[in-house]
Every structure is written in structure tokens, then in C-alpha cells.
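Trainee: I would like to go through how some labels were assigned here. Please set each value against its definition.

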Amino acid sequence: MKLNLEVTAADGKARTGTMQTARGEIQTPVFMPVGTRGSVRALTTHEVERLESSDGTTPEVLLGNTYHLMLRPGAEVVAELGGLHRFMGWDGHLLTDSGGYQVFSLDPKVTDEGAKFRSTYDGTAHLLTPELAVVTQELLGADIQMVLDVCAPLPSPPEVLQAAVDRTAQWAERARSAHERTHDQALFGIVQGGDIEDLRGQSARRTVELDFDGYAIGGLSVGESRERMLPALAAALAELPANQPRYLMGVGDPVSIVEAVALGVDMFDCVMPTRLARHGTLLTDAGRLNISRAEFTRSTEPLEVGCPCPTCVRYERGYLRHLSVIDEPAAATLFTLHNLTWMLALVGKIRAAITAGTLSALRAEIGEVWAGSGPGIHKS
Ligand SMILES: [Zn+2]
């Protein structure tokens with residue numbers, strides 16, 4: 001299921017357009033909210049479905065984490081219940097990761113065969129191989145699945161990064177051969193190479209040689225500065241086919257998104273907006289807002305004037321601060337509704353700026369408001 005990106009407008013290397021899947025169309029650039037265990041934390045699927053920014057941008061793709069779903073409830077259980085879409089009651093697009101990112105964070109024993117790890121749920125031993133990652137994601141049935149890759153931490157010495165590129169390429173080839181559900185499920189290859197531009201280029205060429213349905217850039221925003229991240233990203237993008245989607249994994253802070261779009265990235269995911277929401281931090285056009293601050297005790301303002309989210313339409317800062325201070329569970333829901341709506345609005349603005357040829361002005365504006373906020377956090 002090769003995904004073809006139809007570009008409708010470009011501004012420099014940035015592009016906006018549509019990609020066609022077996023399920024339908026996805027508008028790009030796209031931000032994909034993370035639904036780690038089959039649910040976007042603090043929200044129900046019908047709440048996610050109703051999200052819409054004032055310019056009509058909606059959540060088109062949700063991300064599920066294979067590591068968690070293969071352990072709880074198990075990929076076979078999800079398959080028996082009709083696949084992940086039906087399981088969680090979501091008719092939109094789904095993308096699953098390979099499980100590798102979580103497994104590698106558990107310090108597994110890695111061999112050519114795969115990665116041996118212990119479940120964080122019950123301590124049982126598991127071996128995740130490139131083939132098992134594919135089969136598991138076929139059972140889950142997302143529209144897009146990812147190959148199992150090796151993500152080296154940063155900083156790492158060049159030989160460690162080269163070894164990760166080599167093993168990622170070998171595993172990618174095995175994943176490609178194992179992929180059978182090709183009629184309705186796209187498989188993306190992943191570019192590694194750390195923060196070394198030559199390695200990023202090499203990894204991208206080796207991945208493209210295997211001919212995937214789309215391409216992801218992994219292993220960035222893992223602690224390096226944005227100044228190191230962007231050249232490594234550009235080196236990878238230079239080798240990727242222009243007519244296929246490019247997905248920057250786990251990066252979702254506003255500055256990194258708009259800068260990556262300017263380099264030609266189409267797809268993003270990040271837990272940052274939902275995680276910040278659960279900690280009472282709101283994304284607004286003026287920057288981050290910590291709602292629990294005393295100054296909001298008697299505030300009758302909405303979180304953000306003009307925001308069409310259910311939280312801003314109905315409630316005032318004074319009440320929302322109260323819910324946050326008393327740790328009311330509904331606060332997490334209300335703040336997540338707002339932060340995801342804000343992310344959709346950001347993406348809508350980026351699409352409009354590309355079409356109008358004004359992306360550099362938007363980059364300057366976002367850079368000014370969000371200066372000092374680091375690249376996104378990947379884990380959930
Ligand atoms: Zn809002």
C-alpha cells in the first residue's frame with residue numbers, strides 16, 4: 001500500500017497536500033495525537049472525534065503503541081475483537097509504532113535476531129523480532145505500521161550510531177519480507193543515524209533502496225539540541241522520495257514542528273500536548289500557561305479567547321484553576337481537549353501559510369513566542 005503524497009502547494013521545501021490510503025485521505029502536514037493503549041489519555045474516542053479547530057482542522061490520524069497493546073490486552077485479543085479501529089471505536093486513521101522505542105528504553109538484550117526484554121506489566125520475558133513486530137501490527141490492523149528499528153541514545157559515539165544504522169537496515173529488510181497485509185496496510189521504513197549528517201544520509205539511502213510505503217525519521221529529539229537535530233533531519237530528508245510521506249517521530253513542540261515542516265516533513269506525533277495537559281500546562285497563542293497560578297483565582301477569562309474547544313467555550317480560568325488545584329480528574333480531560341485543539345489550529349495555520357507562501361513569517365512568530373521551549377518528549 002504505497003502512500004503517494006499529492007502536493008497541492010509548496011513554500012520552499014515545505015509542502016501541503018493529501019495522501020491516499022485504503023481508508024481515505026489524510027491532509028498534510030498532520031499532527032497525530034498519541035493513543036498509547038488504545039485511548040488518548042483522559043479522553044474518550046468520541047471526544048477526540050469531535051475535536052476541531054476554528055479553521056476546520058480535525059484529528060485525522062491517531063497513534064497506538066504496539067509495545068503496550070501486545071502486552072495488554074494482547075494483539076490476538078484486539079484482532080478477535082475486530083482490530084484496533086473497532087476495538088477503540090475510531091473510524092479515522094490509525095498508525096502503530098513497532099514497539100521498539102519502549103523496548104529499547106527497558107535496556108533489552110539485543111542480538112541480530114531481535115530484542116529480549118521483560119514486560120513492565122508482569123516481568124515475563126519476551127523477544128521482539130522484526131518479523132514479530134510486523135505480524136503484531138498486522139493483527140492490530142492500523143492503516144500504517146512501522147518497522148522495528150534500533151534507536152541509539154544521544155550522545156553516542158559514531159561506531160554505536162553506525163551499528164544502529166546497520167542493524168536497522170538488516171531488520172528493515174526482514175520486516176519488508178514479513179509484511180503480508182499489503183492491500184490495506186502501509187509499512188514505513190525508519191531512518192536512523194543519530195546527529196551525524198553523513199550517517200543520516202547513508203541510512204536514508206539504504207532505507208529507500210528497500211522501497212517502503214513511506215519513510216520515518218527516528219532517533220531525534222532524544223536529548224540533543226534543536227541546532228543539532230535540524231541538520232541531521234535535513235540530511236535524511238534530502239535522500240527521501242518527494243512523492244512519499246515523511247514522518248518525524250516523537251517531535252511535537254511548536255518550534256520543532258514548524259522548522260521540520262520548513263525542511264519538508266509531513267507527519268508528526270508527540271505526547272507533549274496531552275502530557276502537559278495532565279499537569280495543568282496549557283498551550284496558548286501567547287505560549288505556555290500554568291493554570292494553577294494564584295493570579296487566575298478570580299479570572300473570568302477563557303483559557304484562550306476565540307478557541308472553539310469545549311473547555312474554552314464553556315468555562316473560565318478561575319473555575320479551571322480550581323479543578324486543577326484540587327486535582328479533579330475532569331481537569332485532565334478539559335485541558336487535553338484544549339491542548340489538542342490548539343495543536344490542530346497550529347497545523348491548520350501551517351497549512352494555510354504554506355499555501356499563501358508566508359511560512360517564514362509564521363516561523364518567526366512561533367519562534368518568538370516559544371523560544372526556550374525544548375524539543376518534544378517522546379515517551380508516554
Ligand atoms: Zn480551548
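Trainee: What makes the crossing of α6 and α7 right-handed or left-handed?
Mentor: In this predicted model, α6 passes α7 in a right-handed crossing, the term for a near helix turned clockwise from the far one by less than a right angle (anticlockwise is left-handed). Local features need pLDDT of at least 70, and side-chain atom pairs count only at pLDDT 80 or more. Residues are numbered from 1 along each chain.

Trainee: Why is α6 called oblique to α7?
Mentor: The axes of α6 (residues 130–140) and α7 (residues 158–178) cross at roughly 40° and come within 8 Å. Under 35 degrees is roughly parallel, over 145 roughly antiparallel, 65 to 115 roughly perpendicular and the rest oblique, so α6 is oblique to α7.

Trainee: Which residues of α6 make the contact?
Mentor: Pro130, Glu131, Val134 and Glu138 of α6 meet Trp171, Arg174, Ala175 and Ala178 of α7; contact means heavy atoms within 4.5 Å. The residues of this contact divide into five nonpolar, no polar and three charged.

Trainee: What makes α10 roughly antiparallel to α15?
Mentor: Helix α10 (residues 254–263) packs on helix α15 (residues 359–369) at about 160°, with axes 9 Å apart. That angle makes α10 roughly antiparallel to α15. The crossing of α10 and α15 is left-handed. Among the residues in contact are Val258 and Ala262 of α10 and Ile366 of α15. The contact of α10 with α15 has seven nonpolar, one polar and two charged residues.

Definitions and conventions: Side-chain values use heavy atoms; hydrogens and water are left out. Axes are lines fitted to C-alpha atoms, for helices over the stretch in contact, and angles run from 0 to 180 degrees between N-to-C directions. Helices (H or I, at least four residues) and strands (E, at least two) are DSSP runs, numbered from the N terminus. Ala, Val, Leu, Ile, Met, Phe, Trp, Tyr, Cys and Pro count as nonpolar, Asp, Glu, Lys and Arg as charged, and the others, Gly among them, as polar.
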